[in-house]
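Here is a brief report on one protein model.

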Amino acid sequence: MPPKRNTLTLKQIITGTDLFLNLSRETKEHLADAFKKVTVGKNKVVIQQGEPGDALYLVAQGSFSVFVTTDGKKKKVGEIKPGSCFGEGALVTSEPRNATVVCDEAGIVYRINREDFTKALKDHPEELKAFVRLIGRRSRALHRSVFRPEPRLIKELVSSVSLFA
């Protein structure tokens, strides 16, 4: 009988990752309500490089490999374990995915799309701005040569939230 794998709860992931560090308890609760639990099969492609980005994923269980294809050559550039996230750039811009993420073993992720994310933060513009800055820093640090969101796209996202609703 294979050993039982622990599955992190959504609350454990949200409180344990730096991505949500600067968000209030209320905002974290709004976000938690918007995430959907998704079971992912072994070898399933979760996001594909070049496709439009539309969601953020938090890993609750399983292992995921990250691949980047450059000049027709596919290269493994990382691995994502429980408690980590991927796809956060999709919440900031509409730019294509900068990597492919494949599930190495059956896993569980929590998914939130851009629209639900924006709704959850619509009454918290300062937190949204801080989140956008953090995503930009994280993405540039991880993918300096790949992730370069246009400043115009970031400005559009931030300006879409009313400061005085």
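## Overall picture

Of the 165 residues in the protein chain, 45% are buried. Buried means under 20% relative accessible area, exposed over 50%, and partly exposed in between (1.4 Å probe, protein chains only). This is a predicted model: local features need pLDDT of at least 70, side-chain atom pairs count only at pLDDT 80 or more, and totals for chains, interfaces and linings use all residues. Residues are numbered from 1 along each chain as its sequence is written, and side-chain values use heavy atoms, with hydrogens and water left out.

The protein chain holds five helices and eight strands. Both are DSSP runs numbered from the N terminus: helices are H or I with at least four residues, strands are E with at least two. The order along the sequence is α-α-β-β-β-β-β-β-β-β-α-α-α. Contact means heavy atoms within 4.5 Å. Among contacts in the protein chain between residues at least 6 apart in sequence, 78% join residues at least 24 apart.

## The H2/H3 pair

Helix H2 covers residues 25-34 and helix H3 covers residues 114-121. They pack at an angle of about 155°, with their axes 9 Å apart. That angle makes H2 roughly antiparallel to H3. The classes are these: under 35 degrees is roughly parallel, over 145 roughly antiparallel, 65 to 115 roughly perpendicular, and the rest oblique. Axes are lines fitted to C-alpha atoms, for helices over the stretch in contact, and angles run from 0 to 180 degrees between N-to-C directions.

H2 passes H3 in a right-handed crossing. A crossing is right-handed if the near helix is turned clockwise from the far one by less than a right angle, and left-handed if anticlockwise.

Which residues meet between H2 and H3? From H2 come Thr27, His30, Leu31 and Ala34; from H3 come Asp116, Phe117, Ala120 and Leu121. By class, the contact of H2 with H3 has five nonpolar, two polar and one charged residues. Here Ala, Val, Leu, Ile, Met, Phe, Trp, Tyr, Cys and Pro count as nonpolar, Asp, Glu, Lys and Arg as charged, and the others, Gly among them, as polar.

Each helix also has its own buried side. In H2, the buried residues are Thr27, Lys28, Leu31 and Ala34. They lie on the same side of H2, because they cover an arc of only 120° around the axis. The arc is that of the directions from the helix axis to the C-beta atoms. Arg25 and Asp33, on the other side of H2, are exposed.

H3 has Phe117, Thr118, Ala120 and Leu121 buried. Their arc around the axis is only 160°, so they sit on the same side of H3. Exposed Glu115 and Lys119 are on the face of H3 turned away from its buried side. An α-helix has 3.6 residues a turn, so residues three or four places apart point the same way.

Gly78 is found in strand S5, residues 73-80. Glu79 is in strand S5 too. Gly78 touches Phe64, Ser65 and Val66, not counting residues up to four places away in sequence.

Glu51 is in the loop between S2 and strand S3 (55-61). Beyond four places in sequence, Glu51 touches Pro96 and Arg97.

C-alpha separations for these three residues follow.

| Pair | Sequence separation | C-alpha distance |
|---|---|---|
| Gly78 and Ser65 | 13 residues | 6.0 Å |
| Glu79 and Phe64 | 15 residues | 5.6 Å |
| Glu51 and Thr100 | 49 residues | 9.3 Å |

Gly78 counts as partly exposed, at 24% relative accessibility. Glu79 is partly exposed, with a relative accessible area of 42%. Glu51 is partly exposed at 43%.

## Positive phi in two loops

Most residues other than glycine have a negative phi. Asn43 has a positive phi, near 70°, and is not a glycine. Asn43 lies in the loop between strand S1 (36-40) and strand S2 (45-47). Its relative accessibility of 55% makes Asn43 exposed.

Asp71 also has a positive phi, about 55°, although it is not a glycine. The loop between strand S4 (64-70) and S5 holds Asp71. At 77% relative accessibility, Asp71 counts as exposed.
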